[in-house]
Amino acid sequence: MPAANRHDERYVQVQDAITDAYLQLLSSKSPEEVTVADVVARAGIVRSTFYNHYVDLPSLQADIEDRTIQHIFSMMEDFRPKGNEGLTRSFFLSLCLYARENAYLSSVLRSPSAPDFITKILKMFHRYVRGVVKDETDEKKSERRSYGIAFAIGGAIGFLHKWSSDGFSLDAERAAGILTDLFEDGALAYL
């Protein structure tokens, strides 16, 4: 899509309407069941308008995935664990609330397409880990820290997958508490 269009207010409003329509549809359908016809009907636009923004439905999904990953990445960039349980719990609570309230993330975690999304998010986290340990001069410490971060991230994604699949049966505070305990009692020692 042309860069000039991305800054046009009307263009952004329509793009938001398309995204919102898609996310609303996820409350009653799996990502595999949603069609372009569903999205345009819900967004109140014509089909050609959809195609002015996205090549097809997978490109819309990829855009939403990328924005979701960027939101999570932004949360992670602000989080620097130092053994402070309150900070850690706050981070995990933010992550749990985001996972529960983000219709796309919660639906994709439960869907058959979860492995594709998880692969994409793990690649982003790998870049994050490289950035965190890039200035580490002790190679053994850097390696240990890198694997510790990867372990924590994989565990958090697995936890969110199970929590989502269980219909978010735990309240977010309890989920964040469990994640905090797991992190503090396990991965933190490697960081």
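1. E101 and R100 form a salt bridge, with their closest N and O atoms 3.8 Å apart. The term salt bridge here means a side-chain nitrogen of Lys or Arg within 4 Å of a carboxyl oxygen of Asp or Glu. E101 counts as exposed, at 59% relative accessibility. R100 is partly exposed, at 34% relative accessible area. The cut-offs for these words: buried is under 20% relative accessible area, exposed is over 50%, and partly exposed lies in between (1.4 Å probe, protein chains only).

2. A word on the basis. This is a predicted model, in which local features need pLDDT of at least 70 and side-chain atom pairs count only at pLDDT 80 or more, while totals for chains, interfaces and linings use all residues. Residues are numbered from 1 along each chain as its sequence is written, and side-chain values use heavy atoms, with hydrogens and water left out.

3. How many salt bridges does the rule give? The count is five. Side chains of opposite charge can pair when their charged atoms come close.

4. One of the salt bridges joins the side chains of D63 and R67, at 2.8 Å from N to O. Both residues sit in helix α5 (residues 57–77). They are four residues apart there, so about one helical turn separates D63 from R67. Helices are DSSP runs of H or I with at least four residues, numbered from the N terminus. R67 is partly exposed, with a relative accessible area of 31%.

5. K162 pairs with D166 in another salt bridge; the closest N and O atoms are 2.7 Å apart. Is K162 buried or exposed? K162 is exposed, with a relative accessible area of 51%. D166 is partly exposed, at 40%.

6. Now the rings. The whole structure holds four aromatic pairs. Rings of Phe, Tyr and Trp (its six-membered ring) pair if their centres lie within 6.5 Å; planes under 30 degrees apart are stacked, over 60 edge-to-face, and the rest tilted.

7. Among the aromatic pairs is F50 with Y51. Their ring centres are 5.2 Å apart and the planes stand at 90 degrees, so this pair is edge-to-face. F50 is buried, at 0% relative accessibility. Y51 is partly exposed, with a relative accessible area of 37%.

8. W163 and F168 have ring centres 4.7 Å apart. Their planes are at 85 degrees, so this pair is edge-to-face. W163 and F168 are both buried.

9. Which residues make up the aromatic cluster with F50? F50, Y51 and Y54 form one cluster.

Note on methods. Helix = DSSP H or I, 4+ residues; strand = E, 2+ residues; numbered from the N terminus.
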